[in-house]
Amino acid sequence: MPQIPETIQELTVGQLAARSGAAVSALHFYESKGLISSRRTSGNQRRFSRDALRRVAFVRAAQRVGIPLATIREALAELPEGRTPTEEDWARLSRSWRSELDERIKQLNRLRDHLTDCIGCGCLSLETCVLSNPDDAFGERGAGSRLLVERRGPATSATGGGRSSRARAQQAPCCGD
């Protein structure tokens with residue numbers, strides 16, 4: 001790892017990448033998400049303060065344990081600008097993230113157990129398999145795509161009831177509906 005003299009207070013993006021182990025593209029991404037910040041020189045080059053090294057380490061450690069970037073950004077926003085996260089900061093945040101991580105571990109254990117059941121059974125039944133059909137609330141109403149038919153109503157035929165494709169497209173539900 002290249003050493004940067006203590007007298008240098010700002011790092012280029014290449015120096016920050018070399019010291020932190022993060023790719024330059026990752027650093028640009030972190031900056032775009034507000035996790036780290038830089039100033040621009042008169043030649044429009046990025047310069048990062050030395051505290052960016054600790055912030056990048058903080059981000060990468062949190063990512064390794066599965067903390068979403070938005071949550072990491074919120075945590076870093078609580079720190080005064082330009083201050084390096086300390087060991088106490090990390091301890092406080094890791095305590096607050098512990099319950100979230102414990103819940104994820106429980107979910108992964110359940111998924112693992114269901115996977116074992118599925119492999120043992122071998123059926124992958126669309127009616128009963130908890131992996132192929134988790135929490136299927138509409139499955140009891142029969143197989144097939146029922147929601148779209150029910151939204152259009154019983155008078156609408158499968159071909160659109162004589163309406164133009166444009167009219168059908170305007171009524172068709174989207175992902176969030």
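**Exercise 1.** Is Trp-90 buried, exposed or partly exposed, and at what relative accessibility?

*Solution.* The model is predicted: local features need pLDDT of at least 70 and side-chain atom pairs count only at pLDDT 80 or more, while totals for chains, interfaces and linings use all residues. Residues are numbered from 1 along each chain as its sequence is written, and side-chain values use heavy atoms, with hydrogens and water left out.

Step 1. Buried means under 20% relative accessible area, exposed over 50%, and partly exposed in between (1.4 Å probe, protein chains only).
Step 2. Trp-90 has 29% relative accessibility, so Trp-90 counts as partly exposed.
Step 3. Trp-97, at 6%, counts as buried.

**Exercise 2.** Classify the ring pair of Trp-90 and Trp-97.

*Solution.* 
Step 1. Rings of Phe, Tyr and Trp (its six-membered ring) pair if their centres lie within 6.5 Å; planes under 30 degrees apart count as stacked, over 60 as edge-to-face and the rest as tilted.
Step 2. The structure holds 3 aromatic pairs. In the pair of Trp-90 and Trp-97 the centres are 5.9 Å apart and the planes stand at 80°, so this pair is edge-to-face.

**Exercise 3.** Which residues of helix H4 are buried, and how are they arranged about the axis?

*Solution.* 
Step 1. Helices (H or I, at least four residues) and strands (E, at least two) are DSSP runs, numbered from the N terminus.
Step 2. H4 spans residues 69-77, and its buried residues are Leu-69, Ile-72, Ala-75 and Leu-76.
Step 3. Seen down the axis of H4, these residues fall within an arc of 120°, so they line one face of the helix. The arc is that of the directions from the helix axis to the C-beta atoms.
Step 4. The exposed residues Glu-74 and Ala-77 sit on the face of H4 turned away from the buried side.

**Exercise 4.** Find the buried side of H1 and what packs against it.

*Solution.* 
Step 1. Val-13, Leu-16, Ala-17 and Ser-20 are the buried residues of H1.
Step 2. They cover an arc of only 100° around the axis, which puts them on the same side of H1.
Step 3. Their packing partners are strand E1 (10-11), H2, strand E3 (46-49) and H3.

**Exercise 5.** What is the strand order of the open sheet, and which strands stand at its edges?

*Solution.* 
Step 1. Two strands pair if DSSP finds at least two bridges between them.
Step 2. The sheet has 3 strands in the order E1-E3-E2, with antiparallel pairing.
Step 3. E1 and strand E2 (39-40) are the edges; each has a single partner strand, so one side of each is left without a neighbour in the sheet.
Step 4. E2 and E3 are joined by 2 bridges, and Arg-39 has Arg-47 in E3 as its bridge partner.

How values were computed: Contact = heavy atoms within 4.5 Å.
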